[in-house]
Amino acid sequence: GCFECCIKCLGGIPYASLIATILLYAGVALFCGCGHEALSGTVNILQTYFEMTRAAGDVIDVFTMIDIFKYVIYGVAAAFFVYGILLMVEGFFTTGAIKDLYGDFKITTCGRCVSAWFIMLTYIFMLAWLGVTAFTSLPVYMYFNLWTICRNATLVDGANLCLDLRQYGIVTIGEEKKVCTTSESFFKMCDSNELNMTFHLFIVALAGAGAAVIAMVHYLMVLSANWAYVKDACRMQKYEDIKSKEEQELHDIHSTRSKERLNAYT
């Protein structure tokens with residue numbers, strides 16, 4: 001009845017792929033959403049406290065790079081939303097092939113090819129997310145230094161500390177864009193919620209990138225297991241076909257001999 005149908009449907013759900021998909025979507029959402037807002041906060045900080053302006057013309061400056069990163073974030077969000085759906089479909093497909101281990105040989109063969117293709121793509125994406133995680137740690141390190149300077153300036157009276165953007169390659173050597181504890185803008189920046197919020201947004205974005213890496217590793221384990229199971233199903237199907245063919249041949253031989261004996265008797 002209805003209960004048996006529900007149990008059958010629940011039994012066909014690829015729970016491992018479902019968990020990996022949820023983790024992937026959560027990681028990508030954190031990385032894209034928090035990363036986008038952190039980049040916007042960085043633009044405001046640079047313009048307000050470091051008095052930086054956008055370069056005129058087609059010159060590539062830090063603001064242009066930030067705009068490029070934002071567009072990359074849009075692409076990453078859309079691409080991995082689709083990729084997560086494809087991996088879930090693959091999970092349902094191979095789960096159905098595995099449940100019906102002795103089913104149609106074409107189903108298991110196609111599932112094996114799809115699993116192998118997704119294993120290769122997922123491995124490449126895992127390496128890409130490792131690079132994204134390493135790259136995201138750079139702004140976290142920069143903001144941590146800035147947060148440390150602000151904290152030391154409040155703890156030590158008369159300390160002359162400066163943050164020079166040339167140390168991080170944000171501006172060229174010829175430009176001098178820095179804030180020191182002797183300036184009023186430095187304390188305004190340290191007391192602003194924008195600095196604290198941007199710092200924590202980058203931390204959450206880094207955690208999201210790490211979650212995406214874990215999801216990719218989880219997918220690799222799931223896809224490898226599915227590929228092995230489907231490969232076993234292919235071999236089992238071949239064995240069943242050979243066994244059935246031999247049994248049919250033995251049956252035909254036995255029938256022929258029986259007919260010959262009957263004819264000889266009559």
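The structure is a predicted model, in which local features need pLDDT of at least 70 and side-chain atom pairs count only at pLDDT 80 or more, while totals for chains, interfaces and linings use all residues. Residues are numbered from 1 along each chain as its sequence is written, and side-chain values use heavy atoms, with hydrogens and water left out.

The protein chain contains 6 helices and 2 strands, where helices (H or I, at least four residues) and strands (E, at least two) are DSSP runs numbered from the N terminus. Read from the N terminus, the order of these elements is α-α-α-α-β-β-α-α. Among contacts (heavy atoms within 4.5 Å) with a separation of 6 or more, 78% join residues 24 or more positions apart. Of the 266 residues, 34% count as buried; buried means under 20% relative accessible area, exposed over 50%, and partly exposed in between (1.4 Å probe, protein chains only). The chain exposes about 16,100 Å², of which carbon and sulfur atoms supply 66%. These areas come from the Shrake-Rupley method with a 1.4 Å probe, and for residues only the protein chains shown count as cover.

Next come the annotated spans. An unreviewed UniProt entry places the feature "transmembrane region" at residues 71–93, 114–138 and 201–229; such positions are given in the numbering used here, feature names are shortened, and annotations may be inferred rather than shown by experiment. In the model, residues 114–138 are 100% helix and 0% strand, with end C-alpha atoms 37 Å apart. Residues 201–229 are likewise 100% helix and 0% strand, and their end C-alpha atoms lie 42 Å apart.

Ile-68 belongs to helix 3 and counts as partly exposed because its relative accessibility is 38%.

Finally, Ser-192 sits in the loop between helix 5 (184–191) and helix 6 (193–265). Ser-192 is buried, since its relative accessible area is 15%. A polar atom of the Ser-192 side chain lies 2.7 Å from the backbone oxygen of Met-189.

Conventions:
Polar contact = N/O pair within 3.5 Å; in protein donor to acceptor, adjacent residues only side chain to side chain.
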